[in-house]
Amino acid sequence: MEENYKLSHLKELEAESIHIIREVAAEFENPVMLYSIGKDSSVMVRLAEKAFYPGKVPFPLMHIDSKWKFKEMIQFRDEYAKKYGWNLIVESNMEAFRAGVGPFTHGSKVHTDLMKTQALLHALDKYKFDAAFGGARRDEEKSRAKERIFSFRDRFHQWDPKNQRPELWDIYNTRIHKGESIRVFPLSNWTELDIWQYIRLENIPIVPLYFAKMRPVVEIDGNLIMPDDDRLPEKYRDKIQMKMVRFRTLGCWPLTGAVESNADTIEKIVEEMMTTTKSERTTRVIDFDQEASMEQKKREGYF
Amino acid sequence: MENNNKIDIKAFLDKDEQKDLLRFLTAGSVDDGKSTLIGHLLYDSKKIYEDQLDALKRDSKRIGNAGDHIDYALLLDGLKAEREQGITIDVAYRYFSTNNRKFIIADTPGHEQYTRNMITGGSTANLAVILVDARLGVITQTRRHTFLVSLLGIKHVVLAVNKMDLVGFSETRFNEIVADYMQFVGQLGIPDVTCIPLSALEGDNVVEKSERTPWYHGKTLLDYLETVHIDNDHNLTDFRYPVQYVSRPNLDFRGFCAKVASGVVHKGDEVVALPSGKRSRVKSIVTYDGELDYAFPPQSVTLTLEDEIDVSRGDMLVHPDNMPCIGRNFEAMLVWMDEEAMDANKSFFIKQTTNTSRAHIDSIKYKVDVNTMEHLSIDNGKLTKETLPLQLNQIARVVITTARELLFDPFNKNKATGSFILIDPITNNTSAVGMIIDRIDDRDMLIDTDLPTLDLPRLGITPDHYDAVERAAKELYRQGIEVKIIK
């Protein structure tokens, strides 16, 4: 049989990601994979499993639980980690949680800063991780389009977009001083469509919230919010209605808008995506806080 | 109806999964219309969603520079700092796909940081699109961009002659520019050059064939990008497997994980581990998705061997009849990437494939003026001792000596094993990047005698501690610091 030396784009992206993941395992002392439970994380986690097969992945998975995640996400997280033998670390900003911080009372900005950014920075310091994988893609958002795959962070976990290390070929500069760290984005070159195709091709489990179903939702500031526990403010409670919806991204339930949809299979999701007129981050409330807000958050150390 | 639809999307996905990937670089000077061109490709390939478009329309009114047209350039300017300055400061990556292919664009700016940015963006590119303004023709920047593209070993170049609308779509003008460019590019040895007349702003020959250039019989830019053959860009001849990670999940399994840098390896092949020279055969090519009969670049796989030979990260598996250069001295083209100028006395870390060692820049043979391609050296009187050290964005042919033997090939034969980076040991910045020209004969090596030596008996270390000392030395070695141990 004649041999074929051509890779499809998905296989090429897969090979690139595996190479990146192995490089981190080989060059850093204490790496961690940040896990958001979303579809991109699900792909990244599978790529890590592939990178070390038949061995176990030599680093833990860490989820920063803002305490406002959908219950289905938490259940999925625990089941997945158990089934695939991952060492799972869950960290939260308990101090802020006990003080009652949440998006309804403190606004999305304060909530995100305290429950996500500060919780993450605290956890990274606590375990002294020197490299942290994130599932961000360059096609998601404009400031990410310019970030390196190996993104250097100073002692305060800050990103300096004007002082990035040149990154050539597949040779990654992994040298850091004590206290500094690197964020690594193995999915940098994947697009949203690539992610969905890969999930379909590889049968990767994802949180059922991505698929359309009749769910209770309430309209808040133009977003369809699904109340996931009893912390929905009183004033919205009589406005809940059942709608056929799904989620294009997953996060804190008060900050993640559902979209009306009938897509209950991956094929239908892709079809919807190809014909849709809204890009995925529009369902994420935090992006609207200020212009270039993601860049601001990155500078502060969030992702 | 619903059923039909479902079959269609399945068929679409099945086809889409099989598309290949083309990575290309775009280069142009300020105002060549590069961002407009990319914006147009993205726009026409329907990648731009409506809400991004809404934001764009809003921004165009506020800060746009394109008059009544949509300012496509704003789509590409990601960072706040540069939006304020109205310039792109670094490399931005863009993604789009057509029915036939997926594309990754590395968009690099044309202003004074050009060399560093272009080199960064171009290192993974299969192809480069170089823009010229039809009114100005081939200018200094065009020559500079083309030189850098040739330095990176990019095999396919498109000269996009933009703003044809401003020269009345003149065939004569286009032919002049092409002749001018071909004369220049001939010296650089780029195998595939294509010239296309277009107007990025008005869309002529970008996606659709323009009626205003009836004399042009070639492809439109997108058509060309969709069809250009890139399969043979990988080196499939010389098998090089730089071991990245050793997997030992249990006593029965020892796998060597790596990306196939070049060449093809088959199950059963005889291989040599370098630098030890020990031989074995490939027992299996393991992946999560099952074992393979053969592997090729850029696949990331795990090899197991028939025999238990010692192989660790930084070692390389190759075929016995096809060896790389093994040595500590070579000549290379070096591009300085650091704000801090080169200090000739400094010893750098060198990272090449999966190896890290210490390196010293022994001499600078000559610098290249990227605008004229002229060689500048002390010998020809164009450089003095003071102007010799490399500064940011400068390029030179240098001689490098490394503390450990490296396993390499000339860059023009093998990009993956012929490239390296130099890292400043104090700041950890990537100071320079290099492309190996060839090995040079080992000369008297001072470094050998310079090696720090641990004479264990003389230091009063008892043999039961030798293991621990050797382990520590091995860890130092991994970090590029070699220590000689006398037992």
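## Conventions

Two strands pair if DSSP finds at least two bridges between them; strands (E, at least two residues) and helices (H or I, at least four residues) are DSSP runs, numbered from the N terminus. This is a predicted model, in which local features need pLDDT of at least 70 and side-chain atom pairs count only at pLDDT 80 or more, while totals for chains, interfaces and linings use all residues. Residues are numbered from 1 along each chain as its sequence is written, and chains are lettered from A and ligands numbered from 1 in the order in which they are written.

## The mixed sheet of chain B

Let's start with a sheet of chain B. Its 6 strands are arranged in the order β2-β3-β1-β4-β5-β6, forming an open sheet with mixed pairing. At the edges are β2 and β6 of chain B, each pairing on one side only. From one strand to the next, the twist averages 25° (axes are lines fitted to C-alpha atoms, for helices over the stretch in contact, and angles run from 0 to 180 degrees between N-to-C directions).

Both senses of pairing can be found here. β2(B) and β3(B) run antiparallel and are joined by 6 bridges; B:Y93 has B:A106 in β3(B) as its bridge partner. β5(B) and β6(B) (residues 192-197) run parallel, again with 6 bridges, and B:L159 is partnered by B:C195 in β6(B). Between β5(B) and β6(B) the chain passes through helix α7 (residues 171-185) of chain B, and this β-α-β crossover is right-handed (with the strands pointing away from the viewer, the path from the first strand over the helix to the second runs clockwise).

## Helix α2 against the sheet

Helix α2 (residues 34-44) of chain B lies across β1, β2, β3, β4 and β5 of chain B and runs at about 30° to β2(B). The helix is largely enclosed by the rest of the structure because 9 of its 11 residues are buried (20 or more other C-beta atoms within 10 Å of a residue's own make it buried, 12 or fewer exposed, and anything in between partly exposed, with C-beta atoms placed from the backbone). Those buried residues are B:K34, B:S35, B:T36, B:L37, B:I38, B:G39, B:H40, B:L41 and B:L42. Their cover includes β1 (20-27), β2 (92-97), β3 (101-107), β4 (127-133), β5 (156-162) and α8 (221-227) of chain B.

## Nonpolar cores

The largest nonpolar core has 114 residues, and those with the most contacts inside it are B:F24, B:A128, B:A160, B:V161 and B:Y241 (a core is a set of buried Ala, Val, Leu, Ile, Met, Phe, Trp, Tyr and Cys residues joined through C-beta atoms within 7 Å). Strand β20 (residues 395-408) of chain B supplies the largest share of this core, 7 residues. A second, separate core of 73 residues includes A:M44, A:A132, A:F152 and A:Y172.

Leaving out residues up to four places away in sequence, B:A160 touches B:L37, B:V129, B:I130, B:L131, B:I196, B:L198 and B:L221 (contact puts two C-beta atoms, placed from the backbone, within 7 Å). As for B:T401, this residue sits in strand β20 of chain B and counts as buried because 22 C-beta neighbours lie inside 10 Å. Its C-alpha atom is 53 Å from that of B:E208, 193 residues away along the chain.

Another open sheet of chain B has 7 strands in the order β7-β15-β11-β12-β14-β9-β8, with antiparallel pairing. Its edge strands are β7 (240-242) and β8 (245-250) of chain B, each pairing on one side only; the twist averages 40° from one strand to the next. Within chain B, strands β9 (residues 253-259) and β14 (residues 300-305) run antiparallel over 4 bridges, and B:K259 has B:S300 in β14(B) as its bridge partner.

Strand β22 (residues 430-439) of chain B has 7 of its 10 residues buried, so this strand is largely enclosed by the rest of the structure. With strand β16 (residues 325-336) of chain B, β22(B) pairs in the antiparallel sense over 7 bridges, and B:V335 stands opposite B:V433. Strand β21 (residues 419-423) of chain B also runs antiparallel to β22(B), through 5 bridges, with B:S419 opposite B:M435. β21(B) and β22(B) form a hairpin with 6 residues between them, where B:N428 in the turn has a positive phi of about 65°.

## Chain A and the interface

Chain A has 8 helices and 10 strands, and buried residues make up 50% of its 303 residues. Of the contacts in chain A between residues at least 6 apart in sequence, 77% join residues at least 24 apart.

The contact between the chains takes 62 residues from chain B and 55 residues from chain A. On the chain B side, helix α1 (residues 2-16) of chain B gives the largest share, 5 residues.
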